[in-house]
Amino acid sequence: MHHEKVLFIDRDGTLIIEPPEDFQVDSLEKLEFYPGVFQNLSKIAREMDYELVMVTNQDGLGTDSFPYEDFIKPQEKMLKTFENEGIIFSDILIDKSFEHENLPTRKPGIGMLSKYIYGNYDLENSYVIGDRNTDVQLAENLGTKAIFINESFNEKAALTTTNWSEIYLFLKQESRKAKVYRKTNETEIDIEIDLSGKGAAEISTGLHFFDHMLDQIARHGNLDLKIKVNGDLNVDEHHTIEDTGIALGEAFSKALGNKKGIERYGFLLPMDDCLAQAAIDFGGRPWIVWEVDFKREKIGDVPTEMFFHFFKSFTDSSKSNLNIKAEGNNEHHKIEAVFKAFAKAVKMAVNQSDSSFNLPSTKGSL
């Protein structure tokens, strides 16, 4: 499993309206939900790959000024209402201290969050969502990004808005991106991918023909791809090509997250005398079928035997099932048709259909 991403969400002023007079939601009458929160947070919960964690300061909770039983009724009503909309918080963290006590558990302190700091979480791609500067500070202390719900701009936040549908659209866009950095003794690889991209590519592996083929993946897959490789080309092309396949597969795996709402299909592509066929299934089990014979040892600066290794590495690390066949006489056209067909198959496979965000599997998980 890749590391979990988290949305650390503040309560008052973010999920519910903060009462202007005493800032305490201590009765059911005072419970009022933030506009748009249900519609958008339920879409985030359904379509994306975040764990939801509520993090809130409740000043003096349990003291005479704010008895626990006054707090718990609206709190439970709120949680139930969210649950009815498919919004479930995996954790609810409440700090009860006053500001002047300076406790490490009080936001922006991270005293309540050690489970996330030391656990298997992808904090770099997680967010704190809140309406106070202390929430943005909390994000900085945690090593996450911040979404600031406020009229006034905070330059440290990735997004400043008062609108939950803007938060949904922003996270939707961000959740289809991934970065992978991979360094071995032989290669150093930087990859950035955006599955909601437009086909833009910046690729440099030191092998021109390989660059040209990877470019096809971005262009015909309609995704943005940045790949920078420093490999031991003075030895041979082997590591550069294989390790790029591994890192690219990893990037896909990361960007697809839990694979909600994706399709899984194949593609046929003719190119002059050649016909290439590629079918892919990001189904969680690596497997490759490769029926492509080359009569030449090299195409451009790439040994033809390495193309199999590239796709094999890709399936291993993206845990996909890939079936590629190609026939034809022009070797250059043949491999180019393979990359284009692969790109088209990937484009179809990672496409999210709006109609349903059920996993495309009878088993319920991929």
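Helix α9, residues 331-350, lies across β11, β12, β13 and β16. Its run makes about 150° with β11. Keep in mind that this is a predicted model.

Take the sheet itself next. Four strands form an open sheet in the order β11-β12-β16-β13, and the pairing is mixed. The edges are held by β11 (266-271) and β13 (287-291). Each of these has a single partner strand, so one side of each is left without a neighbour in the sheet. On average, neighbouring strands are turned by 10° against each other, direction ignored.

β13 and β16 (residues 321-327) run parallel and are joined by five bridges. Within this pair, Val289 stands opposite Asn323 of β16. In general, strands of a sheet pair through backbone hydrogen bonds, either parallel or antiparallel.

A further helix packs here. α8, residues 305-318, touches β12 (274-281), β13 and β16. The direction of α8 makes about 160° with that of β13.

Asp272 sits in the loop between β11 and β12. Its phi is positive, about 50°, although Asp272 is not a glycine. Asp272 has a relative accessible area of 66%; exposed means over 50%, so Asp272 counts as exposed. Lys319 is in the loop between α8 and β16. Lys319 is not a glycine either, and its phi is also positive, near 50°. At 45% relative accessibility, Lys319 falls between the 20% and 50% limits, so it counts as partly exposed.

For context, here is a helix elsewhere in the chain. In α4 (residues 133-142), the buried residues are Asp135, Val136, Leu138, Ala139 and Leu142. Down the axis of α4 they fall within an arc of 155°, so they line one face of the helix. An α-helix has 3.6 residues a turn, so residues three or four places apart point the same way. The buried residues of α4 pack against β1 (5-9), α3, β4 (127-130) and β5 (145-149). Gly143 follows α4, with a positive phi near 85°.

One more loop, between β3 and α3, holds Pro108. The peptide bond from Lys107 to Pro108 is cis, with omega near 5°. Pro104 belongs to this loop between β3 (91-95) and α3 (114-118). Pro104 is exposed, at 57% relative accessible area. Beyond its neighbours within four places in sequence, Pro104 is in contact with Gly109, Ile110 and Gly111.

Methods. Residues are numbered from 1 along each chain as its sequence is written. This is a predicted model: local features need pLDDT of at least 70, side-chain atom pairs count only at pLDDT 80 or more; totals for chains, interfaces and linings use all residues. Side-chain values use heavy atoms; hydrogens and water are left out. Helices (H or I, at least four residues) and strands (E, at least two) are DSSP runs, numbered from the N terminus. Buried means under 20% relative accessible area, exposed over 50%, partly exposed in between (1.4 Å probe, protein chains only). Contact means heavy atoms within 4.5 Å. The arc is that of the directions from the helix axis to the C-beta atoms. Two strands pair if DSSP finds at least two bridges between them. Axes are lines fitted to C-alpha atoms, for helices over the stretch in contact, and angles run from 0 to 180 degrees between N-to-C directions.
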